[in-house]
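Look through the sequence and the model first, then read the points below.

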Amino acid sequence: MSNKSMSETKRSTVAVIDYGMGNLHSVAKALEHAADENTDVIVTSDPAAIDAADRVLLPGVGAIRDCIGEMHNAGLVPSIRKAMTEKPFLAICVGIQSLMSHSEENGGVDCLNHFQGNALFFGEHHKDHDGSKLKVPHMGWNQVKHTINHPLWAGIPDNARFYFVHSFYVVPENKNEVAGTCDYGLEFCVAIARDNVFAVQFHPEKSHKDGLQLYKNFLNWDGKP
Amino acid sequence: MGLAKRIIPCLDVDNGRVVKGVQFVDIRDAGDPVEVAKRYNEQGADEITFLDITASSDDRATTVHMVEAIASQVFIPLTVGGGIRTCEDIRRMLNAGADKVGINTAAVFNPEFVREAAQRFGSQCIVVAIDAKKVSAEGEPDKWEIFTHGGRKPTGLDAVEWAKKMVKYGAGEILLTSMDRDGTKNGFDLGVTRAISEAVHVPVIASGGVGNLDHLVDGVIEGKADAVLAASIFHFGEYSIQEAKQRMTDAGIEMRL
């Protein structure tokens, strides 16, 4: 190897998985904003590009049946499963729900079962602890409590506000996998971590400075808890 | 501790400029949408609404580019409304970086469109905009009706019933504008805001009539709104978003500071 190539900084690629559900522009732009000059952000539906990337982000918008259906139709599921065994992997919003065993949405949909547990509906008559009516979807800025120390929480204050838009919430069977919680009538899981996989219910790309910090942490993460 | 109420500055955009008309007539220029959006982002706005009020559809491409430019630099939620008539319109805006789309007139003429859009994209990104006017006379029980075409055309639809129907069809949020109050600076129509907010399980954004910061407080406390939208009080530097949030916090409302 020549001295020249030794001195070149290694480039790193983060693949944002495109399975036709929108919202990728914001995710990609926020990643670019958080990234250093040696990081390439690609938006792709090509399994080979996902396999070749150093990091993978699974976004999610829309209804779960379409999300899971499109992932299968586009032939992306094997690459998603492979990435979750070997490199830093971040799932957001419906992405976190798609990694569970099952979701109640759309009359019941089997998901990828990476994390055991279900996505449940808040219900149309959701109530706060004092019995007052709570709106569903849970939409807006709510506080996220860190339940474990994790590299992805670095530089983010405990109880910082993140932006949420969702009507379903995840309930992992293994409580040790819960990385963060939020209170909306009930305390529920908004972040799950296991090995090189981290998943959040909120939208970091819409959560101003703290959201960008989480993306920065993801881009610097070596995949170790 | 819990979910914060939201302040949403609204950019009414005509031919690529932020404008604000009093009752949609006397239009004043308030600047470049991308610059205005960045300023509100820095001031701590919780979301931004971009309303394309260009009469013709020729400039849809311009709108897409502006939405892209805003979404590239402003990392808070962005709702885009105006001229959203098909699922393809929605997909284009979401791909440009919008998080939600506002459907107004198209919902009135074709309610099934709301159902189709919610099924395809999820309720969380479907905001149904309702323009309501009070039609009951003094002394009669309160009644509000849906109007289209900038408040000029009555539809015969009861506003509260319409809101309930839109939620049943899949609307994830209601943007309620009082056409009686819009541009007047006399405060929200708290009656219709409260009636709709109590009738539906999704968040309601109050709009139309904000002239001072106490109006924002009233919208949340008396109107039971989940979010308050205003334009001119922020555009022309009368108040900053921080001042608005501070006033609401002082009134005991949970805000993101």
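Helices (H or I, at least four residues) and strands (E, at least two) are DSSP runs, numbered from the N terminus. By that count, chain B has 10 helices and 12 strands, and chain A has seven helices and 13 strands. This is a predicted model: local features need pLDDT of at least 70, side-chain atom pairs count only at pLDDT 80 or more, and totals for chains, interfaces and linings use all residues. Residues are numbered from 1 along each chain as its sequence is written, while chains are lettered from A and ligands numbered from 1 in the order in which they are written.

**Chain A**

- The pLDDT is the predictor's confidence in each residue, from 0 to 100. Its mean in chain A is 93, and 95% of the residues of chain A reach 70 or more.
- Residues 1-5 of chain A have pLDDT below 50. Beyond near neighbours in sequence, this stretch has one contact in the model; two residues are in contact if their C-beta atoms, placed from the backbone, lie within 7 Å.
- The radius of gyration is taken over C-alpha atoms, and the globule rule is 2.2 Å times the number of residues to the power 0.38. For 225 residues a compact globule would have a value near 17 Å; chain A has 17 Å, which agrees.
- The C-alpha atoms of chain A fill a box of roughly 70 × 40 × 30 Å along the principal axes.

**Chain B overall**

- Chain B has 257 residues, for which a compact globule would have a radius of gyration near 18 Å; the value for chain B is 17 Å, which agrees.
- Its C-alpha box, taken along the principal axes, is roughly 50 × 45 × 40 Å.
- A residue is buried if 20 or more other C-beta atoms lie within 10 Å of its own, exposed if 12 or fewer, and partly exposed in between; C-beta atoms are placed from the backbone. In chain B, 54% of the 257 residues count as buried.

**The core**

- A nonpolar core is a set of buried Ala, Val, Leu, Ile, Met, Phe, Trp, Tyr and Cys residues joined through C-beta atoms within 7 Å. The largest one has 162 residues.
- Val114(B) is among the residues with the most contacts inside this core. Leaving out residues up to four places away in sequence, the contacts of Val114(B) include Ile126(B), Val128(B) and Met166(B).

- In H6(B), residues 159-169, the buried residues include Trp162(B), Met166(B) and Tyr169(B). The buried residues fall within an arc of 160 degrees, so they line one face of H6(B); the arc is that of the directions from the helix axis to the C-beta atoms.
- Glu161(B) and Lys168(B) are exposed on the other side of H6(B).
- In H10(B), residues 241-250, Ile241(B), Ala244(B), Lys245(B) and Met248(B) are buried. Their arc is only 95 degrees, which puts them on the same side of H10(B).
- The elements covering the buried residues of H10(B) include strand E1 (6-14) and helix H1 (33-43) of chain B.
- Gly252(B) follows H10(B) and has a positive phi, near 90 degrees.

**Where the chains meet**

- In the model, 31 residues of chain B are in contact with 31 residues of chain A.
- H3(B) gives the most to the side of chain B that touches chain A, with four residues.
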